[in-house]
Amino acid sequence: MRIERRLRQPWWLVVVVPVVSIAVAFVLAAIIFLATGHPPLHHFRRLFDAAFLANGALSDTVVSATPLIFTGLAAAVAFRMNLFNIGGEGQLYFGAIMGAVAGLGLAGAPSPVVIAGMMVGGMVGGMALAAIPAVLRAFFSTNEIITTLMLNYVAALVLDYLIFDSHSYLRDTTGFEAQVFPQGKTLSDEATWSSWTSHGVALPLGFLVAIGVAVLVWGLYNRTRFGFEVQVIGDSARAGRYAGMRTRRKILAVMLLSGAIAGLGGASQDGDFRHQLDPQGLRGANYGYTGIVVAALARYNPFAVVLIAFLLGGLQNAGFALQGADFPNGLVGVLQGLILFCALGGELFVRYRVRFDWLSRKTPASTALEPAP
Amino acid sequence: MLANDHVDFEAAAGEVHALLGENGAGKTTLSNILTGLYRPDEGEILLSGEPVSFHSPRDALDAGIVMVHQHFRLVSPFSVAENVVLGDHRDVGRTFRLHYPDIDRRVGELSERYGLAVDARARIWQLSVGEQQRVEILKALYKDARILILDEPTAVLTPQEADALFGTIRAMAEDGRTVIFISHKLHEVKAVADRVTVLRRGRSVTTVAAAEATPRSMAALMVGREVEIGRPDDGAREVGGAVLELEGVSADGDRGTPALHDVSLTVRSGEIVAIAGVAGNGQRELAEAIAGMRPMTAGSVQVAGRRLRNGDPRQSIKAGVAYVPEDRLGTGVAPGLSVAANVVLKSYREPPVSRGPLLLLRKIRELAEHVIRQYDVRTSGPHVPAWQLSGGNLQKVVLAREFSGEPVVLVAAAPTRGLDVSGIETVHRYLWEAAGRGVGVLLISEDLDEILALADRVAVMYEGAIAGERDADKATVEELGLLMAGGEERGA
């Protein structure tokens with residue numbers, strides 16, 4: 001058996017491979033479900049119900065999907081230019097911090113002002129953290145994978161420090177309970193982002209903003225000079241330089257844009273769902289890292305990011321809803337892992353094909369001439 | 001796409017067989033089939049009368065077919081001997097510990113027998129391009145290649161080095177090996193080959209004995225019509241004032257070591273000045289310095305009397321410098337992007353391609369379709385990614401873009417490399433017309449025939465400096481070849 005590079009890529013592969021990959025993931029999951037005494041079809045059905053069909057399931061899925069759309073877009077925006085911003089996680093934390101600062105600082109102002117302030121604060125927070133690797137990369141050619149990744153840990157420590165290890169502006173210090181169990185100050189009602197209900201599905205403002213960002217990113221990358229330059233530089237930095245593009249500026253701009261989107265996701269966490277700066281919740285969720293997976297599965301296409309975030313969000317949400325004695329949470333983790341594994345592994349088959357020698361082998365080696373005298 | 005359509009040709013043991021054809025005629029595809037990289041949809045390959053079917057390059061290798069690529073596949077920090085045994089799976093290379101005396105001895109024997117002078121212990125990065133090519137051939141011989149495919153082997157050589165290569169090729173043929181020689185240069189084919197198979201549009205047109213063929217007849221077979229060889233039209237051109245002035249230009253190479261030393265050169269309006277030289281003597285760095293892509297460490301570049309800012313490609317473009325880079329796929333185009341995007345690679349900033357920050361996609365598409373029609377780019381449409389185009393078609397896209405920008409100065413680096421006869425003819429005509437319109441043309445080429453056919457003046461570069469300058473009508477190939485090899489200048 002050999003693996004060979006494909007010389008041609010039939011167009012249908014791009015569709016067939018992911019579909020087959022997911023199917024394989026479910027088959028493998030079925031085996032594990034069987035082995036652990038859970039009838040697979042029944043449980044798949046329950047998962048699907050809990051993710052998308054049950055009462056309120058779609059609303060919960062939207063809640064899970066929203067931050068993934070933000071971090072997925074943040075990653076996709078940068079990856080398109082071969083700029084590997086792994087720092088969506090930290091940038092989201094900083095967005096959440098600055099969003100909370102704005103939310104608390106603007107207390108008393110009318111709600112739209114507070115909300116707008118939180119969005120701006122979130123974007124500024126994410127950009128501030130992204131600016132460090134951006135400058136290092138643009139002017140000193142530092143590897144942004146390392147710098148952004150390391151800054152995630154810095155951001156996580158800052159987040160912890162603000163709530164657990166200091167009496168910062170963001171920490172709630174009133175009352176006995178808050179002294180013993182440190183937590184962020186609760187945001188005012190004005191700082192709660194609106195939400196609309198359509199056909200029984202709650203659509204938080206953050207979700208709609210995320211979709212809006214996806215549309216904007218698509219337009220920016222496919223219809224503007226800026227996007228054209230990003231595509232050229234991403235494809236060949238030399239060609240970009242040859243064409244007179246300002247590569248450094250583009251690195252700065254794309255990195256800041258990526259940070260801003262992740263930061264907006266952080267602010268949305270404050271305003272839409274948590275209503276306080278919640279270090280443990282944010283750190284446990286791994287939105288930034290999952291966003292990278294979302295972007296990769298979506299092939300950096302903004303609309304596909306929304307779709308993939310929705311599917312992964314649904315799966316996550318179903319896991320929460322079903323966990324219990326008869327449905328260990330681990331099973332959802334297993335299914336999730338298998339889907340990711342198969343989907344990313346399946347990419348191989350888009351570019352390579354597997355050939356089985358025993359089906360087609362003739363006699364190549366034996367026809368060699370005698371060695372040279 | 002159908003790249004090879006029922007190609008028939010046969011080569012005998014001990015024969016030098018040339019493959020001649022237009023770009024996109026299918027020479028590369030054919031050699032890829034022979035070396036097991038592609039599989040034919042139809043037809044068969046017979047080796048010593050037996051049908052063979054290659055599933056991978058390794059199968060072809062086992063059968064004794066080895067290709068020497070135009071771009072060398074050598075590991076530069078390794079020694080010559082190490083590169084030669086690399087990938088050897090039968091003999092000394094197979095053992096866990098390499099026994100260097102053995103390897104050195106065998107490599108030494110081979111290089112002596114075929115006149116491939118190269119030090120077995122030298123590291124690849126220390127070698128000249130000509131020497132590296134000898135290492136590639138040694139690799140093939142070491143693997144007991146019975147059939148060697150040489151893909152445009154003379155492109156990187158001085159005329160003297162090419163002659164030495166022909167000696168090696170003859171020696172290999174006399175040993176009973178078969179050499180398949182791919183070239184565009186008709187006189188070389190005539191000099192070294194026994195027989196010539198001409199390919200056109202994927203079909204084998206004919207096979208003729210090289211002795212009976214003339215360059216003119218071979219060119220006609222290749223293109224399918226009579227072609228003009230030599231100066232397109234020696235009408236009088238108006239040579240005006242200086243449009244490109246280099247003064248004391250020095251710059252570092254990619255490794256940070258000085259690659260250009262104090263180069264001064266003037267190109268006047270309507271004039272074609274050629275830079276001759278063996279590849280890697282600073283020509284690329286010079287072109288990049290003019291295009292603003294490579295910061296200069298000293299000196300200045302003036303275009304139409306205005307001094308360019310150092311290391312600013314956009315300002316060079318605005319000042320009217322068009323640049324056809326040697327490395328088309330890596331620099332001249334963004335390979336993953338569409339043909340249409342590459343057509344507007346430099347003009348996307350201005351109307352009519354964009355309005356404010358917005359791209360006008362329909363306009364871009366129209367422009368690309370226009371270029372495809374006007375320059376006869378063979379592709380299934382403007383949306384096709386550039387990397388899928390053949391070398392010649394890619395060059396057409398680059399040329400179309402550079403010519404359409406109304407340039408003041410045109411820097412063309414190896415603009416005809418890898419092109420077929422009709423492609424070369426077209427490029428020469430464009431260069432000629434550009435000069436006729438008053439553009440100052442700086443032609444960088446390793447092909448002395450091309451230089452002598454086109455240029456008004458020739459400057460030879462050697463080790464980053466101008467080794468000598470001649471008027472083209474007074475220069476001879478021998479004299480220029482000597483300068484290219486670093487020979488002393490014997491008065492101007």
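Two strands count as paired if DSSP finds at least two bridges between them. Helices (H or I, at least four residues) and strands (E, at least two) are DSSP runs numbered from the N terminus. This is a predicted model, in which local features need pLDDT of at least 70 and side-chain atom pairs count only at pLDDT 80 or more, while totals for chains, interfaces and linings use all residues. Residues are numbered from 1 along each chain as its sequence is written, and chains are lettered from A and ligands numbered from 1 in the order in which they are written.

That bridge belongs to the parallel pairing of β17 (residues 409-413) with β18 (residues 440-444) of chain B, which spans five bridges. Both strands sit in an open, mixed sheet of six, ordered β14-β17-β18-β11-β19-β20 in chain B. At its edges stand β14 (321-324) and β20 (465-471) of chain B, each with a single partner strand, so one side of each has no neighbour in the sheet. From one strand to the next, the twist averages 15 degrees. Angles here run from 0 to 180 degrees between N-to-C directions, with axes being lines fitted to C-alpha atoms, for helices over the stretch in contact. Two residues are in contact if their C-beta atoms, placed from the backbone, lie within 7 Å. Helix α17 (residues 477-484) of chain B lies across β11, β19 and β20 of chain B, at about 30 degrees to β19(B).

Chain B also holds an open sheet of four strands, β10-β9-β12-β13, with antiparallel pairing. Its edge strands are β10 (258-268) and β13 (306-307) of chain B; each has a single partner strand, so one side of each is left without a neighbour in the sheet. Helix α9 (residues 283-290) of chain B packs on this sheet, touching β9, β10 and β12 of chain B, and its direction makes about 60 degrees with that of β10(B).

Now turn to chain A and its helix α5. α5(A) has 30 residues and reaches 43 Å from its first C-alpha to its last, close to the 44 Å expected at 1.5 Å a residue, where the expected span is 1.5 Å times one less than the number of residues. α5(A) bends by about 35 degrees at A:Ala131, with A:Pro133 following within four residues; the bend is the angle between axes fitted to the seven residues ending there and the seven starting there.

Finally, the chains meet: 37 residues of chain B are in contact with 27 residues of chain A.
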